Amino acid sequence: MTKLKMGIIGAGGIAQNRHLPAYQSLGDMVEVVAVQDVNSARAKEAAEKFQIPLVFEDYHQLFKEVDAVTICTPNKFHAEITVAALEAGVHVMCEKPMAMTTEECKQMIGASEKAGKLLSIAYHYRQTDAAQVAKRAVMDGEVGDPLVVRVRAMRRRKVPGWGVFINKELQGGGSLIDYGCHLLDMALWLLGNPVPVEVLGSTYNRLSKTPNQPNDWGIFDHEIFDVDDHVSGYITFQNGVSLLLECSWAANIKEDTMHLSISGSDGGINVYPFELYRPKHGTFLTSEAKAEHNEQEAGLRQAKNFVESCLGKAEQLVRPEQAMQVSQLIEAIYRSSETGKSIRLV
């Protein structure tokens, strides 16, 4: 069996904790043959830890040795490296978010179509048991026509104290573009990615710019914090659905909360924990199911889906057009907050 030759661009935490272990578990289908990072010491460390034979300082050199790459760099470089890889004839798995702007997403999709190579974005929450069960329930008509969707991705005090997460120039944003994007992507996917019409958003970072704040995820410099740590948004769609969004790295709340629910014409669904609500038998019926938010398993499934898609044995779960819609809405929420006005998209 022919193995897919994989390269890793960006050898930081997400590469070493998710993608590399996942690819190694698929040893009969894929082999990671090369790694590149602007930090050469980190690239060499990853190569030694995961027995990767080739280390490059320039990612362009890496393209000659691989069939596909997984891009794990700061968000600012997603589009640039993705387009270069696709133009070199290499399939691409890019970490989320897809890019900093909708225009960059369009460039990535155009390069994929021109090259005839796959482009997938690492929205791995779709691969969890909870997401898969919820998708089947919605497709089976359990909620009827979706009406109102609620998304909450809330952390009490967990600003990432490592990497470049608080650097707007490199990341484009904070809690929304890093964490809220996962739940937003999943909600859109469950809805079948309807056409968004209007977006109203507000962003905040007052807590993380205040000195001497407690934080569970390490130490960061409040004086240079320039991204959002709390965001709220309201989105309407062409089919009449409305979506309420709230996400945070640093909220004054009792405990972390991850919530996604859909209220529909025939029933309702809650994803965490999985519950289904329907009027039935002359009363209100609540059904439960064991469907875990198993991120480690989801990472393995994501890797397998991408590798098999590259080998022509599967259809990729995350389409780039869907990932672009997430970026479009994130961009609109930020723009709405900056201007103090709602943003019309159609």
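Six strands make up an open sheet with parallel pairing, arranged in the order E3-E2-E1-E4-E5-E6. The edge positions are taken by strand E3 (54-56) and strand E6 (119-122); each has a single partner strand, so one side of each is left without a neighbour in the sheet. From one strand to the next, the twist averages 25 degrees. This description rests on a predicted model.

Within the sheet, strand E1 (residues 4-9) and strand E2 (residues 30-36) run parallel and are joined by six bridges. In this pair, Gly-7 is placed opposite Ala-34 in E2. Helix H1 (residues 13-24) packs on the sheet, where H1 touches E1, E2, strand E4 (68-71), strand E5 (91-95) and E6. The direction of helix H1 makes about 175 degrees with that of E1. As background, the strands of a sheet pair through backbone hydrogen bonds, in either a parallel or an antiparallel manner.

Pro-97 belongs to the loop between E5 and helix H5 (102-115). Another cis bond leads from Tyr-272 to Pro-273, and its omega is near -5 degrees. Pro-273 belongs to the loop between strand E12 (268-270) and strand E13 (275-280).

Positive phi values form the next topic. Asn-193 is not a glycine, yet its phi is positive, at about 50 degrees. This residue, Asn-193, sits in the loop between helix H8 (175-191) and strand E8 (196-204). His-281, also a residue other than glycine, has a positive phi near 55 degrees. The loop that holds His-281 lies between E13 and strand E14 (283-288).

Are Asn-193 and His-281 buried or exposed? Asn-193 has a relative accessible area of 17%; because buried means under 20%, Asn-193 counts as buried. His-281 has 70% relative accessibility; the cut-off for exposed is over 50%, and therefore His-281 counts as exposed.

| Site | Angle | Loop |
|---|---|---|
| Tyr-272 to Pro-273, cis | omega near -5 degrees | Pro-273: between E12 and E13 |
| Asn-193 | phi about 50 degrees | between H8 and E8 |

Methods. Residues are numbered from 1 along each chain as its sequence is written. This is a predicted model: local features need pLDDT of at least 70, side-chain atom pairs count only at pLDDT 80 or more; totals for chains, interfaces and linings use all residues. Side-chain values use heavy atoms; hydrogens and water are left out. Two strands pair if DSSP finds at least two bridges between them. Helices (H or I, at least four residues) and strands (E, at least two) are DSSP runs, numbered from the N terminus. Axes are lines fitted to C-alpha atoms, for helices over the stretch in contact, and angles run from 0 to 180 degrees between N-to-C directions. Contact means heavy atoms within 4.5 Å. Buried means under 20% relative accessible area, exposed over 50%, partly exposed in between (1.4 Å probe, protein chains only).
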